[in-house]
Amino acid sequence: MAINCNLVSVIGLLLVLTLLQNPVTVAGQRNSGAALFTFGDSNFDAGNKQTLTKTSVAQGFWPYGKSRDDPNGKFSDGFIAPDFLAKFMGIPIEIPPALVPNVNVSRGASFAVADATLLGAPVESLTLSQQVRKFNQMKANWNDDFIKKSAFLIYIGANDYLNFSKNNPNADASAQQAFVTSVTNKLKNDISLLYSSGASKFIIQTLAPLGCLPIVRQEYKTGMEKCHEPLNDLAKQHNEKIGPMLNEMAKSAQGFQFTVFDFYDAIIRRTQKPSSYRLFMTNASCCGIGTHDAFGCGLPNVHVRLCEYQRSYLFFDGRHNTEKAQEMFAHLLIGADKNVIQPMNVRELVVYPVDENMTEEWVPTTPATVQARDSRSSSHGYESY
Ligand SMILES: *[C@@H]1O[C@H](CO)[C@@H](O)[C@H](O)[C@H]1NC(C)=O
Ligand SMILES: *[C@@H]1O[C@H](CO)[C@@H](O)[C@H](O)[C@H]1NC(C)=O
Ligand SMILES: *[C@@H]1O[C@H](CO)[C@@H](O)[C@H](O)[C@H]1NC(C)=O
Ligand SMILES: *[C@@H]1O[C@H](CO)[C@@H](O)[C@H](O)[C@H]1NC(C)=O
C-alpha cells in the first residue's frame, strides 16, 4: 500500500512536471523574446536603399510589392525572407529599415542596403563594415543581454563577385582564388566586429548560384537551360570557405554560435525540379524585358513584361526572388534539417543557451554525408508515417 501510494505520487509528480514543462519549452522555442538583425545586400534590404538615394528607386514603384499592392522599397513582389523568419520567431512587428528615422527597432532592424559589398566602396550603399558601424551607433536601443540572445542574419558577397567577373572576365584560377580569399577574409573580419559589438548568434546564408540569376543568364547569353558557370564556380569557392571559417571562429571565441543556410543548393534544387516545388518558371524572371525578362522591372519608360502569376516564379526580377520563394526560404531557415541548414536551424539557434560554446560543428555536405545522415535517422525505426 505504501509502495502503491509512493508510486502514485511519483507518477503524479511526473505528470505535473510534464504538463508544466511542455508549454514552457514550446513557448520558448516559438518566441525567445529576442530580435532579428539583418545585414547585407538587396536581398535583405527592407527599404534602406530608398532612404539612402536621392533619386527614386524602382523598388518604390509598381509592380514591386504587387502581391501586397504595396511597393515599399523591398526587392520582391511582397514580403522578403526576413519578414517571414521574424514572424516564425514570434516577433510581432515588421523588421524596419534601420536608416529610416524614428522606426521601431525594439525587435530588430535591417541594416542591409542594395548594392552592398564586402570590399570596395559601393555607390550610394554601405559595405558590411559600414553597416556594422551603423549598428554600433544605434546600440543604445538594446541592452547587452538582448543583443546576445538575438539573431544576426547575413547575406553578402554577390555584388563583389558580379563586379569582379565583369571587370576581370579572363581571371585565371589563381586570380580567382586570391579574390575569394580577400572577400572571405573581409567577411570574417566583419563578423568578428559584430561579435566584438556583443552579437553572438550568427546565421550566414551561402551565396546563390550567381551564374543562374536570370539577369546573368541574360547578360552572358547562356540561353534558358544553361547557367554562366564561371560565376557559379566563384560562388562555390566562396561558399566552401564559410563553414570552416565559422568553425574556427567558434573554437576561438567564447559563446560564438552560428549556423549556415545552404542557399546555393536551395536555388539549384528549384531550378532543376521546379514542379516539385510547385514552381512553373525558374530560369526567367516574372518582371522585366529581354531574353530572360530580367531587366528593367519598376523602371519608368521601360515597357516590361509582367507575368500573370508571380507565385509560380522563382525570381520576381532579374536577381531577386518572389515572395512565394522567400517564404519557402524562411521555412527552411527556421526549421529545416542539417542537409539544408547546419549545424542547427534558427529555431534551435535562438534557444541555444547564451555564453555556451556550440557542441556541434559545421561539416561539408557531400552526397556521402547526406546518405549517412539519412541512414542514421531512419535506423531509429520510429520515423515511419
Ligand atoms: C515597438 O514595438 C513593440 C512591439 O515589439 C511595442 O511593444 C512597442 O510599444 C512599440 N513602441 C512604439 C514606440 O511604438
Ligand atoms: C568593382 O571593381 C572595380 C575594379 O576592380 C573596383 O575598382 C571597384 O572598387 C569595385 N566596386 C566595388 C563596389 O566593389
Ligand atoms: C533551368 O536551368 C537549370 C539549371 O541551369 C536547367 O537544369 C534546366 O533544364 C532549366 N530549365 C528549363 C526549363 O530551361
Ligand atoms: C569556450 O570556448 C572558449 C574559446 O575557445 C574557451 O576559452 C572556453 O574555455 C570555452 N568554454 C567552455 C565552457 O568550454
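Strand β3 is largely enclosed by the rest of the structure, because five of its five residues are buried, where buried denotes 20 or more other C-beta atoms within 10 Å of a residue's own, exposed 12 or fewer, and partly exposed the range in between, with C-beta atoms placed from the backbone. The structure is a predicted model, in which local features need pLDDT of at least 70 and side-chain atom pairs count only at pLDDT 80 or more, whereas totals for chains, interfaces and linings use all residues. Residues are numbered from 1 along each chain as its sequence is written, and chains are lettered from A and ligands numbered from 1 in the order in which they are written.

The protein contains 13 helices and 10 strands, taken as DSSP runs numbered from the N terminus, with H or I over at least four residues for helices and E over at least two for strands. Of its 385 residues, 45% count as buried. Among the contacts with a separation of 6 or more, 69% join residues 24 or more positions apart, a contact being a pair of residues whose C-beta atoms, placed from the backbone, lie within 7 Å.

Six strands form an open sheet of mixed pairing, in the order β2-β1-β3-β4-β5-β10, two strands being paired if DSSP finds at least two bridges between them. By contrast, β5 (residues 257-261) and β10 pair in the antiparallel sense over two bridges, and Val260 stands opposite Gln342 in β10.

In a regular strand the side chains alternate between the two faces of the sheet. In β3, Ala151, Leu153 and Tyr155 point one way while Phe152 and Ile154 point the other way, and all are buried. Phe152 is also one of the residues, with Leu36, Ile203 and Leu210, that touch the most other members of the largest nonpolar core, which has 99 residues; such a core is a set of buried Ala, Val, Leu, Ile, Met, Phe, Trp, Tyr and Cys residues joined through C-beta atoms within 7 Å. Not counting residues up to four places away in sequence, Phe152 touches Phe37, Phe39, Leu194, Ala199, Lys201, Phe202 and Ile203.

Leu194 belongs to the buried residues of helix α7, which also include Phe179, Val180, Val183, Thr184, Lys186, Leu187, Asp190 and Ile191. Helix α7 (residues 173-196) comprises 24 residues and reaches 34 Å from its first C-alpha to its last, close to the 34 Å expected at 1.5 Å a residue, the expected span being 1.5 Å times one less than the number of residues. The cover over its buried residues includes α4 (128-137), β3 (151-155), α6 (158-167), β4 (201-205) and α9 (229-252). Just after α7, Gly198 takes a positive phi of about 115°.

In helix α10, Phe263, Tyr264, Ala266 and Ile267 are buried, and the buried residues of this helix pack against β4, α9, β5 and α11 (323-335). Both α10 (263-272) and β6 (281-285) supply at least two residues of the shell around ligand 3. That shell consists of Cys212, Met224, Glu225, Lys226, Cys227, Thr271, Gln272, Thr282 and Asn283, a residue being assigned to a shell if its C-beta atom, placed from the backbone, lies within 6 Å of the molecule. Ligand 2 is surrounded by Thr117, Leu119, Gly120, Ala121, Pro122, Asp160, Asn163 and Asn167, and ligand 4 by Lys251, Ser252, Ala253, Gln254 and Asn357.

Asn104, placed in the loop between α3 (81-88) and β2, is exposed, with 12 other C-beta atoms within 10 Å. Leaving aside neighbours within four places in sequence, Asn104 is in contact with Ile93 and Pro96. The C-alpha atoms of Asn104 and Ile93 are 8.5 Å apart in space, and the two residues are 11 residues apart in sequence.

Conventions. Two residues are in contact if their C-beta atoms, placed from the backbone, lie within 7 Å.
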